Amino acid sequence: MRAEAEIKVEENNIICDVNPKMYGVFFEEINHAGDGGLYGEMVRNRSFMDSVIPEGTAYFDGKAMTKTTHVENFDTEDLLPGWSLDCGEEGEGTIEPWLLQPRNKQTPNQIKMTVSKINGCFPKLVNSGFWGMKVRCEKYRAVLILRSEGVGNVRISLEKDGMLLGEAIVENIGINFKKYTVQINCVEEVSGAVLTLTPLNTGTLYLDFVSLFPVNTYKNRENGMRRDLAEALEKLKPGFFRFPGGCIVEGISLENAYRFHKTIGPVEDRTGTYNLWGYRRTDGMGFYEFLQFCEDIGADAMYVCNCGMSCQARKSEEGTEKQLAEFLQDTMDAIEYAIGDPETTKWGKLRAEHGHSESFPLKYIEIGNENGGPFYQKAYRFFYERLKARYPQLLYIINDATGIERTEYDFLDEHYYCEPAFFAAVAEKYDTYSRDRKIYVGEYACNTGVGIGNMAAAASEAVFMISMEKNADVVKMASYAPLFCNVNDRVWPVNLINYDSDRWFGIPSYHLQCLFRKLLSEKMAECSVKTSSFTNAARVFANAGILGEDTVVKAVNFSSIEALAEIRLEKSYSKVRIYKICADGPCEENSLDEPEKIKIQAEEFQMDGNEWKYTLKPYGIYGFMFLK
Ligand code: AHR
């Protein structure tokens with residue numbers, strides 16, 4: 001059985017312009033997206049703060065509790081996650097969590113390591129990173145803050161099952177905390193490696209901070225990003241980069257909400273924050289690093305601020321007037337830090353001291369994340385009026401516009417997480433929107449009943465993206481969510497880019513995102529589709545646009561039978577370049593072992609005239625570029 005689809009393109013009938021930065025990315029620290037993900041740090045629990053109970057909670061009987069709710073997934077068993085002691089057969093030593101005589105009272109947690117007997121076997125402290133470290137033939141920079149009683153030198157090495165991959169010696173460790181930086185040159189490539197610290201004589205070592213980065217991070221930033229994952233983002237050509245979330249903006253309580261102040265300055269002094277997705281984050285990827293990354297990747301920065309309320313899905317706490325004012329001040333300071341004058345403003349000066357005197361590309365402020373209701377209306381207005389008065393050049397995004405005048409925001413953020421049929425069922429949704437509404441689809445994904453993200457999910461998102469592009473006068477921006485997932489900590493079912501410490505792959509939706517961004521038209525043209533099939537269950541969706549001299553037609557066959565598409569254009573073309581994403585079945589997925597089972601494939605044909613016939617595979621996604 002086969003369906004037939006007639007796609008009629010009117011290139012001379014332009015319906016709207018397209019925002020060239022329409023597609024961005026949504027970043028949130030979820031599924032170890034930052035720590036153990038994009039952030040290049042290889043040591044897990046580098047400040048030993050991972051077992052600190054969540055901000056704003058009290059702990060009793062194995063549970064941490066806010067004023068209103070219990071915190072799920074807070075693990076109290078392991079006091080030193082990521083760390084262990086290996087004494088070999090003959091060595092003797094201990095490690096224990098330590099708080100006394102801290103270097104910094106805000107980050108008091110340390111490890112006290114005592115080596116009492118060596119006997120040919122040096123006890124060593126081991127860090128296994130984020131489910132094993134990937135070591136390549138390259139240089140690594142280790143930064144340690146240590147003090148010792150009796151231990152003179154410490155060997156720091158990368159190892160795998162006793163095999164030495166590279167090492168350095170930290171020498172003459174004194175009785176006061178001091179920062180040591182050493183370089184380790186590795187000459188082997190292995191995955192599943194560990195970092196070890198070996199005191200070379202008996203005594204006691206106090207560790208305040210242990211960090212390890214490849215020297216060659218993305219754009220060689222010292223506190224930078226993992227290269228392969230940053231390059232995976234580069235392929236998405238993000239027009240904007242939304243951070244830091246997501247629910248982590250809101251927090252499980254107001255004490256736990258995102259606060260920009262905590263995330264800047266020396267990384268060893270950052271306390272980190274309990275991440276409501278089940279682990280503590282370092283905030284090493286702090287406000288400065290986010291902004292630097294936006295600049296490095298050529299994206300406008302979109303900062304989502306807390307507006308004085310914690311996560312409504314987690315029994316929200318609504319701030320007092322004083323708290324609202326505090327959160328507003330935090331946002332004002334963050335903005336000044338990003339774009340304030342480096343000589344005349346307090347926070348602009350600090351940014352310059354941190355290494356960036358030019359302002360960062362901050363363009364958007366979203367006030368709250370997924371908030372709504374009467375309290376939100378009040379909080380939104382309180383923030384918007386003051387922020388707009390001080391920073392009229394920025395664009396403001398609202399979560400829920402109920403009761404708010406159209407003049408009081410620039411974009412409304414809509415979120416969709418759904419099952420495959422949903423996007424096809426609402427494909428005409430934006431056709432009916434009043435044209436003065438400006439929408440930012442801040443989070444969307446087909447993520448229910450589709451494994452970790454399969455071909456059917458991508459096809460259904462293609463339907464939605466085709467419809468967003470057709471309505472590009474209303475839908476000005478969109479970002480798929482969530483972006484990242486370490487396969488060892490999947491708390492959210494479907495995520496665009498998956499990885500361990502070694503390899504990565506994009507789900508079919510990732511390839512769809514790459515395709516639609518590569519073929520993003522400058523203007524949309526009129527395009528209509530008629531699909532005929534015996535049961536009407538088959539449906540082809542398409543749009544058309546102009547890109548330079550070329551005409552682009554995007555199409556998806558959202559059905560389980562083939563469809564013969566007949567594309568009729570107004571003008572004549574000499575060539576058609578076809579990009580397609582197809583699979584053998586709707587449930588097909590990519591994986592670490594088969595990262596590109598489903599990917600974009602390209603082919604090119606000569607043509608002469610204004611008609612082109614092509615068979616669209618079931619759930620196949622297509623981009624046709626008609627060239628003069
Ligand atoms: O993307 C995952 C979560 O989904 C985000 O944190 C939240 O905004 C939404 O509910």
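Predicted model: local features only at pLDDT ≥ 70, side-chain atom pairs only at ≥ 80, totals over all residues.

Q: At what angle do helix H4 and helix H6 pack, and how far apart are their axes?
A: Two packed helices are described by the angle between their axes and the distance between the axes. The helices in question are H4, covering residues 321–339, and H6, covering residues 374–390. For this pair the angle is about 35° and the axes are 11 Å apart.

Q: Which residues of H4 and H6 meet, and what is the handedness of the crossing?
A: H4 contributes Leu324, Ala325, Phe327, Leu328, Thr331, Met332, Ile335 and Glu336. These residues meet Phe375, Ala379, Phe382, Phe383, Arg386, Leu387 and Arg390 in H6. The crossing of H4 and H6 is right-handed.

Q: Which arginine lies over the face of Phe327?
A: Phe327 belongs to the set of H4 residues that meet H6. Its ring also has a charged side chain over its face, at 4.2 Å from the ring centre. The residue concerned is Arg259.

Q: In what order do the five strands of the open sheet lie, and which are the edge strands?
A: The five strands are arranged in the order S6-S7-S15-S10-S13, with antiparallel pairing. From one strand to the next, the twist averages 30°. A strand at the edge pairs on one side only, and this applies to S6 (92–98) and S13 (178–185).

Q: What is the bridge partner of Val143 in S15?
A: Strand S10 spans residues 139–149 and strand S15 spans residues 203–214. The two pair in the antiparallel sense over 10 bridges. Within S15, the partner of Val143 is Ser211.

Q: How is the aromatic pair of Tyr39 and Phe213 classified?
A: A search of the whole structure finds 46 aromatic pairs, and Tyr39 with Phe213 is one of them. Their ring centres are 5.4 Å apart, with 75° between the planes. Because planes over 60 degrees apart count as edge-to-face, the pair formed by Tyr39 and Phe213 is edge-to-face.

Q: How many residues separate Tyr39 from Phe213, and are they buried or exposed?
A: Tyr39 lies in the loop between helix H1 (34–38) and strand S3 (58–60), whereas Phe213 lies in strand S15; they are 174 residues apart. The relative accessible area of Tyr39 is 1%, and that of Phe213 is 4%. Since under 20% counts as buried, Tyr39 is buried and Phe213 is buried.

Q: Are Tyr416 and Phe422 buried or partly exposed?
A: These two residues form a tilted aromatic pair, at 6.0 Å centre to centre and 35° between the planes. Relative accessibility is 11% for Tyr416 and 30% for Phe422. With buried defined as under 20% and exposed as over 50%, Tyr416 is buried and Phe422 is partly exposed.

Q: Which residues lie on each side of strand S19?
A: In a regular strand the side chains alternate between the two faces of the sheet. Strand S19 (residues 300–305) is mostly covered, with six of its six residues buried. One side carries Asp300, Met302 and Val304, and the other carries Ala301, Tyr303 and Cys305.

Q: Which residue in S20 is the bridge partner of Cys305?
A: S19 runs parallel to strand S16 (residues 240–243), to which four bridges join it, and Phe241 is there partnered with Ala301. Five bridges join S19 to strand S20 (residues 362–367), again in parallel. In S20, the partner of Cys305 is Ile367.

Q: What is the relative accessible area of Tyr396?
A: Tyr396 is placed in strand S21 (residues 395–398). Its contacts include Ile365, Ile367, Tyr380, Tyr384, Leu387 and Tyr409. Tyr396 is buried, with a relative accessible area of 0%.

Q: Why is helix H9 described as largely enclosed by the rest of the structure?
A: H9 covers residues 508–518. Its buried residues include Pro508, Tyr510, Leu512, Cys514 and Phe516.

Technical notes: Residues numbered from 1 in each chain as written. Heavy atoms only, no water. Pairing = 2+ DSSP bridges. Axes fitted to C-alpha atoms, helices over the stretch in contact; angles between N-to-C directions. Phe/Tyr/Trp six-rings, centres within 6.5 Å; stacked < 30°, edge-to-face > 60°. Buried < 20%, exposed > 50% of the residue type's maximum accessible area, 1.4 Å probe, protein only. Lys NZ or Arg CZ within 6 Å of the ring centre and 35° of its normal. Left-handed = near helix turned anticlockwise from the far one by under 90°. Contact = heavy atoms within 4.5 Å. Lists of a residue's contacts leave out its neighbours within four places in sequence.
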